[in-house]
Amino acid sequence: DSIGFLSAHVPHHYQFLSQPVRRARAFLSSVGTNSPSEVECDETTGKPLIHHIEVGGQRVHLGHLRSVLPGDVLWDQDLKTAVEFSNRSDKLRWYARPTTRSNETETMKRFFEKYSGPYGSINIVEARKTFELKSAAIAEAEDPKGHRRNCYKYYFDYWHEKPFSGMTYFDWLDYSDQGRSKYIHKKPRTKCSEKFMANAKIHFFSDEEKEDVAIRIEPSGEKLVARFESSGHLLRPTANCEPYLYIFDLQRNLYVVDESFDSEKYGKIKHTALSSGRPVLAAGSIFVGDNGSIQAINFNSGHYRSLIPAAAFMHRWMENQGLNTTAVRWMGYHKWKSTDCNKLKWRKVDIEGFDGKLLNESCNEVTTKITWPVVENSDHCLTGNESIE
């Protein structure tokens, strides 16, 4: 179960949600020694070094076990270069081999691929322009401490400072004195303090939780109404500036939730809460009137930055179900033009349930035949002569 205090049961920590990391609490000697002690502190570095173990009364030098031990076990050759981490809650310390900035850049690029989607979909990576902002979006989605939000873009600059720490980003941020000291330096201090980040989290819905917020759209006379799939209940009316958030995922599922949805349990709701940060076809807000009637749909999302295909996917999906798309106000961005539709490579769309040619038709229809409220600041509020009854 243990070699000295290199416990086999010490819990892993995580650099990302999907990357458990062994907590190496000591170094193993590859050459052995005549010292009677199993464990000593290295004279130069002061770090714990395990010389041998006793098996059946016989001293076994650990160098003989090198070929069978995991590759992330640390040896005496790592004593001078290993980086040190600590957990303030229980004063636990552990070590790891250093990484490089180039290695971490390549790791992040692999995450970019993981969170990208098929042509025409929208994702949290392409919604941002710089490497730092893309990385911040990935960090929120992969955060091993619960999808903390808002502050990563500030700390990436500190993490990259020379000389490079040799630590992965979350190791540096959460388990090093160097990273933790940075919590207090960036203004506004309160917004990105360690205490704020510990509480400012986005709850990512599980598959079971998403079943409760999945909706379907169906005709009701000349109107369209929305009701929850699980309960059959109609969506409640929303105020003009307090619509439901929605995502329309790659499997053509539609999920909605309002920003105050059980805030004590879930905290602040964002689009990524419903998508777990994965690519989607559309994301925005749905305005609902009396008796579940859908008044308007927009495509505003800070995480996804919807492009014009998002409206085409939503419109075509409704058309495929025989729904009256003119019963809904389509609220687009002022910069979206019908001429943009013909510039897109619809033939590249390879998403089940959609045809590129029909998507192009929907794109042109939704941008030319339906009146768009294009007021610059109308993203979150239903504006114009029509209002929710």
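Which residue caps the N-terminal end of α11? The capping residue is D355, with a side-chain oxygen 3.0 Å from the backbone nitrogen of K357. Such a polar contact is a pair of N or O atoms within 3.5 Å; within protein, one must be able to donate a hydrogen and the other to accept it, and residues adjacent in sequence count only if both atoms are side-chain atoms.

Before we go on, a word about the model. It is predicted, so local features need pLDDT of at least 70 and side-chain atom pairs count only at pLDDT 80 or more, while totals for chains, interfaces and linings use all residues. Residues are numbered from 1 along each chain as its sequence is written, and side-chain values use heavy atoms, with hydrogens and water left out.

**The chain as a whole**

The protein chain has 11 helices and 18 strands. These are DSSP runs numbered from the N terminus: helices are H or I with at least four residues, strands are E with at least two. Of its 389 residues, 48% count as buried (under 20% relative accessible area with a 1.4 Å probe, protein chains only; exposed is over 50%, partly exposed in between). Among contacts (heavy atoms within 4.5 Å) with a separation of 6 or more, 62% link residues 24 or more positions apart.

**Helix α11**

α11 covers residues 356–368, and its 13 residues reach 18 Å from first C-alpha to last, close to the 18 Å expected at 1.5 Å a residue (1.5 Å times one less than the number of residues). Its buried residues are G356, L359, S362, C363, V366 and T367. They lie on the same side of α11, because they cover an arc of only 115 degrees around the axis, taken from the directions from the helix axis to the C-beta atoms. These buried residues pack against α10 (308–320) and β18 (329–331).

**Strands and their partners**

β18 also leads us to the strands. Two strands pair if DSSP finds at least two bridges between them. β17 (residues 294–298) is mostly covered, with 5 of its 5 residues buried. β17 runs parallel to β18, joined by 3 bridges, and antiparallel to β16 (residues 280–288), also over 3 bridges. β16 and β17 form a hairpin with 5 residues between them, and N291 in the turn has a positive phi of about 55 degrees.

Elsewhere, an open sheet of 3 strands has the order β5-β7-β6 and mixed pairing. Its edge strands, β5 (27–28) and β6 (39–41), each pair on one side only. β6 and β7 (residues 48–50) run antiparallel, joined by 3 bridges.

Here are some bridge partners:

| Residue | Partner | Partner's strand |
|---|---|---|
| E40 | L49 | β7 |
| I286 | I297 | β17 |

**Nonpolar cores**

A nonpolar core is a set of buried Ala, Val, Leu, Ile, Met, Phe, Trp, Tyr and Cys residues joined through side-chain atoms within 4.5 Å. The largest has 46 residues, and Y152, Y155 and Y169 have the most contacts inside it. Leaving out residues up to four places away in sequence, Y169 touches E104, A139, Y152, Y155, F156 and W159. A second, separate core has 39 residues, including L281 and V349.

**Backbone details**

Most residues other than glycine have a negative phi, and most peptide bonds are trans. The bond from K162 to P163, however, is cis, with omega near -5 degrees. P163 is in the loop between α3 (152–159) and α4 (169–175). R252 has a positive phi near 65 degrees and sits in the loop between β14 (244–249) and β15 (254–257).
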